[in-house]
Amino acid sequence: MRPAMPHVPPAADIPNGGARTGSTSAASIRNFSIIAHIDHGKSTLSDRILELTGAVEERSMRAQYLDSMDLERERGITIKAQNVRVSWRGHTLHLIDTPGHVDFGYEVSRSLAACEGVVLLVDAAQGIEAQTLANCYLALESDLTIVPVLNKIDLPAADPDLYASEIERVLGIDASEVLAISAKTGEGVEALLDAITERIPPPSGDPDAPLQALIFDSHFDQYRGVVSSVRVMNGRLCAGDRLRFMHAGGQHLSEEVGLRLPAVTPTDELGPGEVGYLIAGIKDVAQARSGETVTSAAAPADVPLAGYDDPKPMVFCGLYPVDGDEYPDLRDALAKLRLNDASVTFEPETSGALGFGFRCGFLGLLHMEIVRERLEREFGLSLIATAPSVAYRVRTDDDQEVEIDNPSDLPPAGQIGEIAEPMLNVSVLTPSAYTGAVMDLCQSRRGSMTSMDYLSPERVELRYEVPLAEVVTDFFDQLKSRTQGYASLDYDHAGYRAERLVRVDILLNGESVDAFSAIRHRDGAYPYGKAITAKLAELIPRQLFDVPIQAAIGGRIIARETVKAKRKDVLSKCYGGDITRKRKLLERQKEGKKRMKAIGRVEVPNEAFVSALRLEQ
Amino acid sequence: MTDTGSASPSFGIYCHIPFCTHRCDYCAFATWTDREHLIDDYMASCRRQARELAAELPAVTSVFFGGGTPNLVAPELLGEVLAELPLAGGAEITVECNPDLVTAEQMQSYEALGVNRISLGVQSMNSGVLDALGRRHDPEMVAASVDAVRRAGIGQLNLDLIYGSRAESVSDWEHTLARAIEFEPDHLSVYGLTPEAGTALGDDPSRHPDDDDMADKYLLTDELLGRAGYEAYEISNWARPGARCRHNRLYWRQGSYAGVGCAAHSHRDGRRYWSVRTPERFIAAISNGTSPVAGSEELGPDERRLEALQLALRTSDGVPAGALPHDVGHLLEPAGEGRLKLTARGRLLANEVAVRLGLPSAR
Ligand SMILES: Nc1nc2c(ncn2[C@@H]2O[C@H](COP(=O)(O)OP(=O)(O)O)[C@@H](O)[C@H]2O)c(=O)[nH]1
Ligand code: SF4
Ligand SMILES: [Mg+2]
């Protein structure tokens, strides 16, 4: 979780000096986000901006000031949006960070809704990437002003002219408007700040209209409860007012509003165009989700702001405690985690193999990994995750439609009329040398091409329709390895499509293990069955008896491996009366058994669940 | 020296001789190849430790000189240690010997000192396999050594064998067994080759033994030795009726024994302890009059009970039938008096069975 908000005595840390009353005139305000691909320099540029505007003194500057969550720093991506307010040559700038991964696309769109412009930051040695492009289109659709910037011009490999003309071609922005900077050396950053104040329009909004404030991020602080990032559109958001949350339907008292300079600084109100934070005694982020419209309870607005959506989980898996006794701890941990991440869903489920656990839903694979890692790291749990699955729509014989996110819930083959699976529109940007490799990958994942466009003679955008299930395995890793890291990926949901899908069951010693069941396209079922049985045969240690491992569709066996019975496991010599060593070896062996899950009579190491399910294709 | 069960209170002495002329590829024992200059001081320290111990010892029923290579040091030096000990009448006195150092005179000296059991490090009767184990002797030396033991009139002979080298075919092993049986030893200790970290063998995975090959060789061993009249009384030990090693049995029965020298283990009054590992530190401790004990442990009653079962499971005494779950029933056979012991296949899986000990018998 985030560190608790530092509560700074107002006068100490405020460059603009002293506590503030009243709101800032909208004409001097500029609200913007930086859109950038991972590693193109967003954090470095943010640091430079904080420094140049004096918001953070150099001595307290730590690299990448805004990336605060441990996991975010480790992975070098931003998951939760942050925002900060700075002053530049008579203007007030709000820098609104956006999440940096396609799993969090909805959060990006909500962050953009709080802005009038974006800085498009592109590595001058790499060019624009798929997700950046997608976010730019999103910004253009919302009529935001784009300030295009090429970064890292200090690098010998930088080619600003080439990539400026690429930007002109794909976004229709004149190449002469593209700024060139080095976020590292600071070169050009002042000019960029000037361009932001000149090109991006000030917010409009009526201070006397009923309050409409957009929440674009919320997180849970253990001392203050939910802290939301807000942008006021119309009216005034005042401390002490009664507020209505128009989508969630709750009423809450505005306990505190304030600014992030970036030190947290309470203020008595926020006016139109201003960005800050709101604390309203809320205990659960689901009551204050991104996209929420906050209005006044006394004089409410007629309608909420447009664009609210309830992001649906796309990827599901079962999470089980390795030690069954930790089930209640897992339940508590999930409940706590949800206070801070309303997009995780969970409900209890039981598995014949794994016992009691939860079916959890996530925005995407990265989100799933992050949640799992946080559960283990922050709550000290040790978990088994079942294979990620998507939600299928199954039409049964009697014309009922059911949605199924756990393969073992699939009705018997005889009762199924049709199974439809979720599809994605996938966009891949790649150097043209790798076009063939990308096409091979997409085709092997049952993709069908929808378009192919050259951004320049060297770079191409390929668009495919691909089943989501094919993307949630190792698609991204494969794309990276087949293009030596050069290709980038973005995707969008594209509805459902009926397909010839079957469930592949895995039997250990004759017993079906629900945790290993998977839904596959009929053509992929046989290779899948072969691969997973082979992998399990590697991962399951020899036992006291032969263990057959089979893959089956319905009752029909499609693949089989056998782990031969173990024949030798003995400590031959007890040297010179050293009984202690012998006993310790046995104790260690016993400990080892605790890291196994007994499935029927078969002892399966916990790693087998993880590795077998991460099957390379 | 025949095994008389637990009728008379037995007490053993293990004396460690940490010197070798050369380190074998699989060896992780506390032994050194470059410290012969320490031998005199070391043996004098052992003698002093034995003398100090002797005052409070019961009658000693077995003494085992192990190593290392005990026949690398002059027999008189072993004799001086022996002379300090309150030996029981008919005590079993064993010296471990490397065939490449055995001489007729050496064996005569041992006999004169009261040594009545020789344990020969044969390992294999195939010279290629011996090379692959990093041993320095050849099969002819074994024949000569056996001859020397017999001529000196030492009554009991054990042969140590090792199976499982990658360089050893099943028929090589069968040959080793056949030759060993021809020597008509009273006792055979047959060990599976075990890769230990830090040894030449352990650090080269391509030389690690294969479990299935080891299992085949073990079953062959049990069959051939059984047919030749040897009883498997412990996982790695076979003896003619009446020729079981009294000293080793102490280990399996939680018996009492005291170590002399470095890296030697002791077990007395429910406490296990062990001495410092190097000869230098041992010599220093004895000469300073400080304790050479490096570590110890005392088990609680439950741990002790479990340990007793784990040890008994290794032997033909077996364990009470109720101590084991049914899923390993196919690895067990009756041992009389409501007890079960491991079959030959079961002995190969002794660890798997041992970790189940103490579980409720119904599952
Ligand atoms: N040479 C050079 N390196 C830069 C520049 N800006 C950022 N970097 C480096 O690029 C890497 C990624 O930068 P970072 O700000 O973390 O990117 P982010 O993932 O977009 O936040 C880091 O190693 C930075 O030091 C620049 O202008 N010049
Ligand atoms: S002779 Fe024995 S103690 Fe010496 S190195 Fe070889 S195996 Fe080790
Ligand atoms: Mg960053």
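Biologist: What percentage of the 617 residues in chain A do buried residues make up?

Modeller: A residue is buried if 20 or more other C-beta atoms lie within 10 Å of its own, exposed if 12 or fewer, and partly exposed in between, with C-beta atoms placed from the backbone. By this criterion, buried residues account for 47% of the 617 residues in chain A. This is a predicted model, in which local features need pLDDT of at least 70, side-chain atom pairs count only at pLDDT 80 or more, and totals for chains, interfaces and linings use all residues. Residues are numbered from 1 along each chain as its sequence is written, while chains are lettered from A and ligands numbered from 1 in the order in which they are written.

Biologist: What is the mean pLDDT of chain A?

Modeller: The pLDDT is the predictor's confidence in each residue, from 0 to 100. Its mean over chain A is 87, and 90% of the residues of this chain reach 70 or more. Over residues 1–19 of chain A, however, the pLDDT is below 50; beyond near neighbours in sequence, that stretch has 32 contacts in the model. Two residues are in contact if their C-beta atoms, placed from the backbone, lie within 7 Å.

Biologist: How many helices and strands are there in chain A?

Modeller: Helices (H or I, at least four residues) and strands (E, at least two) are DSSP runs, numbered from the N terminus. Chain A has 14 helices and 33 strands. Among its contacts between residues at least 6 apart in sequence, 70% join residues at least 24 apart.

Biologist: Which residues have the most contacts inside the largest nonpolar core?

Modeller: A nonpolar core is a set of buried Ala, Val, Leu, Ile, Met, Phe, Trp, Tyr and Cys residues joined through C-beta atoms within 7 Å. The largest has 158 residues, and A:Val118, A:Leu120 and A:Val149 have the most contacts inside it. Strand β23 (residues 416–431) of chain A supplies the largest share of this core, six residues. Apart from it lies another core of 98 residues, including B:Phe11 and B:Leu332.

Biologist: Which residues does A:Val149 touch?

Modeller: Leaving aside residues up to four places away in sequence, A:Val149 touches A:Val119, A:Leu120, A:Leu121, A:Val122, A:Leu179, A:Ile181 and A:Leu192. A:Gly188 lies 39 residues from A:Val149 in sequence, and the two are 9.8 Å apart in space, C-alpha to C-alpha.

Biologist: Why does A:Gly188 count as partly exposed?

Modeller: A:Gly188 counts as partly exposed because it has 19 C-beta neighbours inside 10 Å. Its place is in the loop between β6 (179–180) and α6 (189–199) of chain A. With residues up to four places away in sequence not counted, A:Gly188 touches A:Leu179, A:Ala180, A:Ile181 and A:Ser182.

Biologist: How many bridges join β23(A) to strand β25 of chain A?

Modeller: Two strands pair if DSSP finds at least two bridges between them. Here nine bridges join β23(A) to strand β25 (residues 459–467), and the two run antiparallel. A:Asn425 has A:Glu465 in β25(A) as its bridge partner. Strand β24 (residues 448–456) of chain A is also joined to β25(A), by seven bridges in antiparallel orientation, and β24(A) and β25(A) form a hairpin with two residues between them.

Biologist: Which residue in the turn of the hairpin of β14(B) and β15(B) has a positive phi?

Modeller: The residue is B:Glu337, with a phi of about 55°. Four bridges join the antiparallel strands β14 (residues 332–336) and β15 (residues 339–342) of chain B. B:Arg339 lies in strand β15 of chain B; it counts as partly exposed because 16 C-beta neighbours are inside 10 Å. B:Arg339 and B:Val319 are 20 residues apart in sequence and 5.2 Å apart in space, C-alpha to C-alpha.

Biologist: How many residues surround ligand 1, and which are the closest?

Modeller: A residue is near a molecule if its C-beta atom, placed from the backbone, lies within 6 Å of it. Ligand 1 is surrounded by 16 residues, the closest being A:Gly41, A:Lys42, A:Ser43, A:Thr44 and A:Lys184. Helix α1 (residues 42–52) of chain A provides the largest share of this shell, three residues.
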